[in-house]
Amino acid sequence: MFERFLSSETKYLRTSEIRDLLKLTEGKNVISLAGGLPDPQTFPVEEIKKITEDVLTNYSDKALQYTATPGISEFRKELVNLSKSRGISGIDEKNIFVTVGSQEALYMLFNILLDTGDNVLVEAPTYLAALNAMRSRRPNFISVTVTEKGPDLNELERKVKESNANGKKVKLMYVIPTAQNPAGTTMSTEDRKRLLEIAVKYDFLIFEDDAYGFLVFEGESPPPIKAFDKEGRVIYTSTFSKILAPGLRLGWVVAHEDFIKEMELYKQNVDLHTPSLSQYIAMEAIRRGVIQNNLPKIRRIYKEKRDIMLEAIETYFPKGSRWTRPVGGMFIFAWLPEKIDTSKMLEKALQRGVAYVPGASFYADYSGRNTMRLNFSFPKKEELTEGIRRLAETIKQELST
Ligand SMILES: Cc1ncc(COP(=O)(O)O)c(CN)c1O
Ligand SMILES: O=C(O)/C=C/CC(=O)O
């Protein structure tokens, strides 16, 4: 009725299948293997309750007040320390910017950096909400195949060379080097260094999304690419959603001051600043060691759930399927026999009481029609096997038609 009043930009907005499935499955008798929700058991409820009471007792005049756009100064100092615990050095609070979830950082930075037609390297598959945040800028996506070791760097360098030969440089690469969403892959330290060398050689930025950097539960979490960045070429984002609570809506950026300055200008127009109370709660959670002390429990729970899901897939999935074996994060990515279209199959799965995210939305070109993303962090342990069993039944039914 009122479409005629909408700006031309709105036609580039695309829904998040993850958000839609969250709505669709909420309150239904469906085992959801879809949304990447943390296990509520991992929320340090008692600690957050105590912290909130203390914050309102000691800082109410600041915690309930408007605060600075880049983030509260004391909190940014704590974020320098938290970033250092991931191996990032040579930074201070001027390199830190606090956002409403790291999703806001993605959206703001893509709007600050991308012009129509800019060449952007993305993993295939990659995080669908990042693709959607980029789409409104109408970049030219250059997809790089994700192997079991992460993005194929030989393919990447070949495509960068081709792009340059056609007179169009690459502007940036959006990459999730650790426990990737949706593939679950983790790049080696050697490949991280090589990717940075390629970015320096061909002069493009690296946008490093480290949403799961703290959630490696098998072996050590490799240092982020940002740890090797000596010139400010890497823009690093992370989030409290997986290590504290997503409902607090808190993320942060580590970047060269040139980018931080632009983010401040942009955010003044979006929401003025990130909620003050959430910042004070997270600041105290860092100071009191609540986050660091809780990580082993989170990693233990997710490793156990990953093992249960892998065993169920091994048991029930049909021949001709293959899947990733993540060392961290929340997801397993599966490739089914070519005949299967997982988007078309979703309705039948929902009827059997199980949900997943069809894989095509994680590809810039919507390929991957026979793929799916499976979340193991949110379902209860006893639901994981039953969910995979229901899903496997749906797949076998689809194969028999
Ligand atoms: C790779 C990646 N990046 C960013 C986000 C956004 O998370 P948040 O806004 O809660 O920080 C997510 C959430 N699933 C994610 O998986
Ligand atoms: O499932 C994901 O990857 C993201 C979860 C955040 C959301 O609920 O949109």
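**View 1. Ligand 1 meets the side chain of D209 in this predicted model.** A nitrogen atom of ligand 1 sits 2.7 Å from an N or O atom in the D209 side chain. Two further side chains take part. S241 places a polar side-chain atom 2.6 Å from an oxygen atom of ligand 1. For R249, a polar side-chain atom lies 2.7 Å from an oxygen atom of ligand 1. Alone, ligand 1 exposes 400 Å², and the protein buries 92% of that.

**View 2. 13 residues form the shell around ligand 1.** The closest are D209, Y212, T239, S241 and R249. By class, the shell holds four nonpolar, six polar and three charged residues. Helix α5, residues 101-113, gives the largest share, with three residues. Ligand 1 takes up space in the largest pocket.

View 3. Taken alone, ligand 2 exposes 280 Å², of which the protein buries 84%.

**View 4. I18, R19, G35, G36, Y127, N181, F331 and R373 surround ligand 2.** This shell divides into three nonpolar, three polar and two charged residues. The space that ligand 2 takes is the largest pocket.

**View 5. Residues 30-391 carry a domain annotation in UniProt.** The unreviewed entry lists them as "Aminotransferase class I/classII large". Over this stretch the chain is 42% helix and 16% strand. Its end C-alpha atoms are 11 Å apart.

Notes
Residues numbered from 1 in each chain as written. Chains lettered and ligands numbered in written order. Predicted model: local features only at pLDDT ≥ 70, side-chain atom pairs only at ≥ 80, totals over all residues. Heavy atoms only, no water. Near = heavy atom within 4 Å. Areas by Shrake-Rupley, 256 points an atom, 1.4 Å probe, with all protein chains shown as cover. 1 Å grid on protein atoms, 1.4 Å probe; cavity = no way out; pocket = protein on both sides within 12 Å on 5 of 7 lines; lining within 4 Å. Sits in = over half its atoms within 2 Å of the grid points. Nonpolar A, V, L, I, M, F, W, Y, C, P; charged D, E, K, R; others polar. UniProt positions renumbered as here; feature names shortened; annotations may be inferred. Helix = DSSP H or I, 4+ residues; strand = E, 2+ residues; numbered from the N terminus. Polar contact = N/O pair within 3.5 Å; in protein donor to acceptor, adjacent residues only side chain to side chain.
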